[in-house]
Amino acid sequence: MNAYEVNFDGLVGPTHNYSGLSYGNVASTGNQNAASNPKLAAKQGLQKMKALADLGFKQGVLAPHERPDVASLRRLGFAGSDAEVVARAAKEAPAILAAATSASCMWTANAATVSPSADTADRRVHFTPANLNNKFHRSIEHPTTRRVLKAMFNDESRFAVHEALPAQMHFGDEGAANHTRFCAEYDAPGVEFFVYGASAFDASRPKPAKFPARQTLEACEAIARLHGLSEGNVVYGQQDPDTIDKGVFHNDVISVGNRNVLFHHQRAFLDQASVLSEIDRKLEAFGGRFVAVEVPEADVSVEEAVKSYLFNSQLLSRADGKMIIVVPEECRVTPRVWAYLEKLAASGGPIAEVKVFDLKQSMQNGGGPACLRLRVALNEAELAAVNPKVMMNDALFAALNTWVDRHYRDRISPEDLGDPQLLVECRAALDELTGILGMGSVYPFQLG
């Protein structure tokens, strides 16, 4: 193989907590105000990264952000020293402090949308950080995300890291959680599938009635233009609005793709047959054979899919051409979902193996295996140009576990968010982390 799909997983940050900030994400709101365990959360994520690296998959790490975000609090009128800003926010606006302290950047499927060089007009890998403007706690992420991505992919002859789209609801962009790419080989031209919840400029189109549509058609189209994609490289599909209203806040909660395979629910998309037919036709033009694996509502309901995060999984290609599906423990304890997965693995289809990981700390906040990773298709020359210190191996795994043990708390409750020492601990951890990962200065406290 001359190219790889590299997974860059988010390293859970030191302030991981359950503040229930994500309306429309049933798990997030359902666990509001529970006590979290940042140390365990980080180690659960690292275990998944290392296990996949040990299986031979290319695996990297994306660094967490500085939290609480004191600069955002200052822009909202909280003044004084950093400690005074945190203390005042805790007293006067605890909900705003909780948003500014969220460790949500751990879900790097929302970090950016990525187009590989085989698809783009200038033959560079393109990244557009997501503006995430639907939620305040996530809308503050993209400036740091862009600096982190540029520190990892710093060869401008091979990589282009764009600014985020305008931070306005008409161009709401949630990143790779609403983007899948189909191809015959990772270094061959492919079909980029952009999924949106609603059109911002055409009110006549369907949209959800209860929960927000976080991704707009117009944002998808803008990213395709920025990345230099041709009409033949792109398919746009709309999520079923009723499915969004059942808790499917991103497409990666109801479908997941890899190479030529789409694993999806019967209720994933509007005009589903037409969308799948367009993917099939366009992929065939690039020499690929599209395979859609559809899960019937009779086997797994939308509600069961949301509860178990069956589709918030990873599809990984084995050396023999078959695929592994990586799912959270919640799938194993949801009877009808587990029965379906056992039947799927034995079916003789493209998905032949199931691997289960305990990611409960992330799952309780509404993020499963797919949320934790950003997929980047790279050829060998591009992979060699990536900052090597962010790639998972035995030494990095040991260093990061030691780093977590040294800097992370094993319990954070809502009242702990007002502790100014949490900011001191986070900055000390991140200052050391940038050395471990060879990133230079990427955080506001390092940049002055």
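**Exercise 1. Describe the salt bridge between Lys50 and Asp54, and place each partner as buried, partly exposed or exposed.**

Solution. Keep in mind that this is a predicted model.

Step 1: find the contact. The side chains of Lys50 and Asp54 form a salt bridge, with 2.9 Å from N to O. The cut-off for a salt bridge is 4 Å, so this pair qualifies.

Step 2: look at the spacing. Lys50 and Asp54 are four residues apart in helix H2, so about one helical turn separates them.

Step 3: check the cover. Buried means under 20% relative accessible area, and exposed means over 50%. Lys50 has 11%, so Lys50 is buried. Asp54 has 52%, so Asp54 is exposed.

**Exercise 2. How does the reach of helix H2 compare with the expected one, and which of its residues are buried?**

Solution. Step 1: note the extent. Helix H2 covers residues 38-54, which makes 17 residues.

Step 1: compare the reach. From the first C-alpha of H2 to the last there are 24 Å, close to the 24 Å expected at 1.5 Å a residue.

Step 2: list the buried residues. Among them are Pro38, Ala41, Ala42, Leu46, Met49 and Leu52. Gln44, Lys48 and Lys50 are also on the buried list of H2.

Step 3: look just past the end of the helix. There, Gly56 takes a positive phi of about 100°.

**Exercise 3. Which parts of the chain does the salt bridge between Arg427 and Asp82 link?**

Solution. Step 1: start with the contact. Arg427 and Asp82 meet through their side chains in a salt bridge of 2.8 Å, N to O.

Step 1: Arg427 sits in helix H17 (residues 420-436) and Asp82 in helix H4, so the pair links distant parts of the chain, 345 residues apart.

Step 2: check the cover of one partner. Asp82 has a relative accessible area of 25%, so Asp82 counts as partly exposed.

Step 3: compare with another pair. Glu141 forms a salt bridge with Arg138, and their closest N and O atoms are 3.0 Å apart. Glu141 is buried at 2% relative accessibility, and Arg138 is buried at 7%.

Step 4: widen the view. Salt bridges that share partners join Glu66, Arg74, Asp82 and Arg427 into one network. Searching the whole structure gives 30 salt bridges.

**Exercise 4. Which strands pair with E1, and in which sense?**

Step 1: take the antiparallel partner. E1 and strand E15 (residues 373-379) run antiparallel and are joined by seven bridges. Within E15, Arg375 is the bridge partner of Asn7.

Step 2: take the parallel partner. Four bridges pair E1 with strand E2 (residues 59-62) in the parallel sense. In E2, Gln59 stands opposite Asn7.

Step 3: look at the two faces of E1. Ala3, Glu5, Asn7 and Asp9 point one way, while Tyr4, Val6, Phe8 and Gly10 point the other way. Eight of the eight residues of strand E1 (residues 3-10) are buried.

**Exercise 5. In what order do the strands of the open three-stranded sheet lie, and which are its edges?**

Solution. Step 1: read the order. The three strands lie as E3-E4-E5, and the pairing is mixed.

Step 1: find the edges. Strand E3 (112-115) and strand E5 (159-161) are the edge strands, since each pairs on one side only.

Step 2: note the turn. Neighbouring strands of this sheet are turned by 15° against each other on average, direction ignored.

Step 3: follow one pairing. Strand E4 (residues 125-129) pairs with E5 in the parallel sense over three bridges. His126 has Ala160 in E5 as its bridge partner.

**Exercise 6. Which residues make the nonpolar surface patch of about 240 Å²?**

Solution. Step 1: name the members. Leu76, Ile96 and Phe136 make this patch.

Step 1: Leu76 lies in the loop between helix H3 (70-75) and helix H4 (82-92).

Step 2: check its cover. Leu76 has 46% relative accessibility, so Leu76 counts as partly exposed.

Definitions and conventions. Residues numbered from 1 in each chain as written. Predicted model: local features only at pLDDT ≥ 70, side-chain atom pairs only at ≥ 80, totals over all residues. Heavy atoms only, no water. Patch = residues over 30% accessible without salt bridge, like charges linked within 9 Å, V, L, I, M, F, W, Y side chains within 5 Å. Areas by Shrake-Rupley, 256 points an atom, 1.4 Å probe, with all protein chains shown as cover. Buried < 20%, exposed > 50% of the residue type's maximum accessible area, 1.4 Å probe, protein only. Expected span 1.5 Å × (residues − 1). Pairing = 2+ DSSP bridges. Axes fitted to C-alpha atoms, helices over the stretch in contact; angles between N-to-C directions.
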